[in-house]
Amino acid sequence: MQTGGPRLLELLVRPRVAELTVNTVLLVALGVTATLVIGIGGAWLVERTTLPLRRVFAVALAAPLAIPAFVTSYGWASATPSLNGIGGAVLIAACAYSPLVYLPAVAALRGLDPALEEAARSLGLGPWTVFVRVVLPQLRIAAVGGGLVVGLHLLAEYGAFAFLQFDTFTTAIMDAYRANFGGANAAALGVVLAGLCLLMVAGEGRMRGTTRLSRSAASRPGGRAALGRWTAPAIISLVAVVGASVIVPMASVLRWTLRSDAADWAPVVPAAWQTVLLSVGGAAVCAIVALPVAWLAVRHRGRLSGALEGAFYLAGSFPAIIVALALVGVTLKAAPALYQTAATVIVAYAILFLPRILVPLRAGLAQISPAWEEAARSLGAPPWRARLRITAPLLAPAVASGAALVALGASNELTATLLLAPIGTETVATGFWSAASAIDYVAAAPFALTLIALSIPAVYLMFSEATSRGGA
């Protein structure tokens with residue numbers, strides 16, 4: 001608005017914006033397609049076929065979540081310096097983000113009614129035909145939801161594509177911010193990026209539809225199709241996926257780590273401590289904000305509570321660069337004392353990661369009957385004591401798991417931290433980026449290894465949740 005319509009239009013119709021639009025849209029289209037193929041195909045092979053070593057592959061296909069996308073890009077770039085362009089970007093997207101489709105697909109497959117597949121096989125249909133005509137349509141909700149999450153990640157990702165020198169709106173906004181402290185150029189690019197995010201969120205709602213899938217019988221594991229002559233191609237394909245997404249990045253990280261010395265590890269400890277402080281602060285703020293929102297959404301459902309809940313989900317879908325630029329503008333104009341302080345970083349984490357705790361809190365509250373509180377109140381306990389003694393202990397696991405996901409997501413956050421952290425403050429992610437962007441791969445390796453270690457608990461939580469239905 002401050003830029004004005006004519007100037008904004010001039011900034012939006014530049015060839016540079018057209019180039020960024022083509023790059024970003026092409027990346028999202030190809031990247032989401034690749035992750036859907038890998039994620040759904042891998043889930044089906046693990047859950048619905050006689051694949052050898054399927055337990056090993058079940059864990060291995062989720063393992064890339066423990067490696068941040070910019071670390072995956074670092075691993076590939078240091079192993080293959082010629083990797084760049086749209087091909088390299090799609091490769092990194094497929095390696096880093098396919099588990100975001102794989103895990104929902106696994107959960108969906110474990111929740112599907114196996115009677116439909118058994119009926120199809122009894123009519124003489126082969127495994128591939130059953131998958132295409134029976135299983136795949138039932139995975140629409142998981143596929144569309146996973147594709148949306150992948151698409152939003154691709155729109156928001158900065159470090160992974162900066163390594164490959166592949167320009168997207170996020171990398172261009174960061175360059176504009178560094179060149180002239182934001183300004184009209186960064187704002188104009190941000191308008192387009194925010195618009196793309198809103199289009200994706202709206203499109204996901206329409207594609208998901210209102211179809212409800214339910215089981216017609218008691219829960220039981222689905223049958224497994226015999227792969228036969230397709231066993232060897234299936235194993236080779238999965239080994240290639242695991243090799244590209246886990247082995248190559250980890251081999252690069254370990255190779256450079258073995259070359260590091262005590263001086264390279266020295267800055268990791270203070271960076272890790274700073275990361276813990278900011279991450280725990282972000283998790284605490286998220287819990288404080290999410291509790292009343294989840295309570296209203298479950299216990300007092302209405303238009304206002306629904307709009308409030310939806311606003312938080314929408315804010316969490318925006319790229320970190322948009323949230324960071326907004327907080328830069330707000331703090332400079334309304335609260336200069338908060339600019340580049342830990343408080344602003346924590347607020348950014350709360351905006352970006354609130355859905356991670358809101359979802360488990362909402363699910364946890366929905367499983368706690370209000371009748372239990374009413375029984376305590378009928379015995380003379382005031383409302384606050386009934387909630388403290390009855391509801392709070394039952395809700396504690398949901399709070400803990402949601403807070404852990406927020407903290408571990410915040411520990412890997414790069415873009416907003418780069419823009420908002422106080423001068424001299426270094427987290428593990430920003431320490432890694434400082435070394436890796438200077439092509440000092442040895443100094444970056446200890447930070448990369450620490451980032452992976454910090455991510456493992458979050459991956460364990462997500463894998464346990466996805467595989468909690470049915471048998472192994």
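Accessible areas come from the Shrake-Rupley method with a 1.4 Å probe. On that basis, this predicted model has an accessible surface of about 21400 Å², and carbon and sulfur atoms hold 68% of that surface.

**Overall build**
- The protein has 23 helices and zero strands.
- Of its 472 residues, 49% are buried.
- Among contacts with a separation of 6 or more, 83% join residues 24 or more positions apart.

**Helix H4 against helix H5**
- Helix H4 covers residues 69-79 and helix H5 covers residues 85-97; their axes come within 9 Å and cross at roughly 130°.
- Because of that angle, H4 counts as oblique to H5.
- The H4 and H5 crossing is right-handed.
- On the H4 side, Ala 69, Thr 72, Ser 73 and Trp 76 meet Leu 91, Ile 92, Cys 95, Ala 96 and Tyr 97 of H5.
- The residues in this contact of H4 with H5 are seven nonpolar and two polar, with no charged ones.

**Helix H4 against helix H22**
- H4 also packs with helix H22 (residues 428-437), at an angle of about 25° and with the axes 11 Å apart.
- Angles under 35 degrees count as roughly parallel, so H4 and H22 are roughly parallel to each other.
- Their crossing, that of H4 and H22, is left-handed.
- Here Phe 70, Val 71 and Tyr 74 of H4 meet Ala 429, Phe 432 and Ala 436 of H22.
- The contact of H4 with H22 has six nonpolar residues, no polar and no charged ones.

Terms used
Residues are numbered from 1 along each chain as its sequence is written. This is a predicted model: local features need pLDDT of at least 70, side-chain atom pairs count only at pLDDT 80 or more; totals for chains, interfaces and linings use all residues. Side-chain values use heavy atoms; hydrogens and water are left out. Axes are lines fitted to C-alpha atoms, for helices over the stretch in contact, and angles run from 0 to 180 degrees between N-to-C directions. Helices (H or I, at least four residues) and strands (E, at least two) are DSSP runs, numbered from the N terminus. Angles under 35 degrees count as roughly parallel, over 145 as roughly antiparallel, 65 to 115 as roughly perpendicular and the rest as oblique. A crossing is left-handed if the near helix is turned anticlockwise from the far one by less than a right angle, and right-handed if clockwise. Contact means heavy atoms within 4.5 Å. Ala, Val, Leu, Ile, Met, Phe, Trp, Tyr, Cys and Pro count as nonpolar, Asp, Glu, Lys and Arg as charged, and the others, Gly among them, as polar. Buried means under 20% relative accessible area, exposed over 50%, partly exposed in between (1.4 Å probe, protein chains only).
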